[in-house]
Amino acid sequence: MLVTTIEDTKQILDKLVAFSTISSDSNLAMVNYLADFFGQLGARVFLQHNEERTKGQSLRDLRS
């Protein structure tokens, strides 16, 4: 999704604040959302997971 309007920005922020940030919960829904979002913008995205694969982080490279 390309951000083109204030409404686009509001929709993205609504999605981001809806994700659980409780450390005992999985964060994979948010990680995957951000990986998809930045991937659509052309970023190279690398995902890393914990041993249980319940949590992760995404690393993005936005350079051309």
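Predicted model: local features only at pLDDT ≥ 70, side-chain atom pairs only at ≥ 80, totals over all residues.

Trainee: Got it. Which residues of helix 1 meet which residues of helix 2?

Mentor: From helix 1 come Ile-12, Lys-15 and Leu-16, and they meet Tyr-33, Leu-34 and Phe-37 of helix 2. Sorted by class, that contact holds five nonpolar residues, one charged residue and no polar ones.

Trainee: How are helix 1 and helix 2 arranged, parallel or antiparallel?

Mentor: Look at the angle for that one. Angles over 145 degrees count as roughly antiparallel. Here helix 1, residues 6-18, packs against helix 2, residues 28-40, at about 155°, and the axes are 10 Å apart. Helix 1 and helix 2 are therefore roughly antiparallel. As for handedness, helix 1 passes helix 2 in a left-handed crossing.

Trainee: Let me zoom out. How many helices and strands are there in the protein?

Mentor: Two helices and two strands. Follow the sequence and you get the pattern α-α-β-β. The C-alpha atoms fill a box of roughly 40 × 30 × 10 Å along the principal axes.

Trainee: And what share of the residues is buried?

Mentor: Of the 64 residues in the protein, 22% are buried. The cut-off to remember is under 20% relative accessible area for buried, and over 50% for exposed.

Trainee: Which residues make up the largest nonpolar core?

Mentor: Start with the general idea: in soluble globular proteins, nonpolar side chains tend to be buried together. In this model the largest nonpolar core has seven residues: Ile-12, Phe-19, Tyr-33, Leu-34, Phe-37, Phe-38 and Ala-43. Helix 2 gives the largest share of this core, four residues.

Trainee: Can we take one or two of those core residues by themselves?

Mentor: Phe-37 has a relative accessible area of 13%, so it is buried. Its C-alpha is 12 Å from that of Thr-9, although Phe-37 and Thr-9 are 28 residues apart in sequence. Then there's Phe-19: leaving out residues up to four places away in sequence, Phe-19 touches Ala-29, Met-30 and Tyr-33.

Trainee: What about Ala-18, buried or exposed?

Mentor: Ala-18 lies in helix 1. With a relative accessible area of 64%, Ala-18 is exposed. Ala-18 and Met-30 are twelve residues apart in sequence, and their C-alpha atoms are 9.2 Å apart in space.

Trainee: Now the strands. What is Ser-58 in contact with?

Mentor: Ser-58 lies in strand 2, and its relative accessibility is 12%, so Ser-58 counts as buried. Setting aside neighbours within four places in sequence, Ser-58 is in contact with Val-31, Leu-34, Val-45, Phe-46 and Leu-47.

Trainee: Where does Arg-53 lie?

Mentor: Arg-53 lies in the loop between strand 1 (44-49) and strand 2 (56-61). For its backbone, start with the general rule: most residues other than glycine have a negative phi. Phi of Arg-53, however, is near 60°, a positive value in a residue other than glycine. At 54% relative accessibility, Arg-53 counts as exposed.

Definitions and conventions:
Residues numbered from 1 in each chain as written. Heavy atoms only, no water. Axes fitted to C-alpha atoms, helices over the stretch in contact; angles between N-to-C directions. Parallel < 35°, antiparallel > 145°, perpendicular 65-115°, else oblique. Left-handed = near helix turned anticlockwise from the far one by under 90°. Contact = heavy atoms within 4.5 Å. Nonpolar A, V, L, I, M, F, W, Y, C, P; charged D, E, K, R; others polar. Core = buried A, V, L, I, M, F, W, Y, C linked by side-chain atoms within 4.5 Å. Buried < 20%, exposed > 50% of the residue type's maximum accessible area, 1.4 Å probe, protein only.
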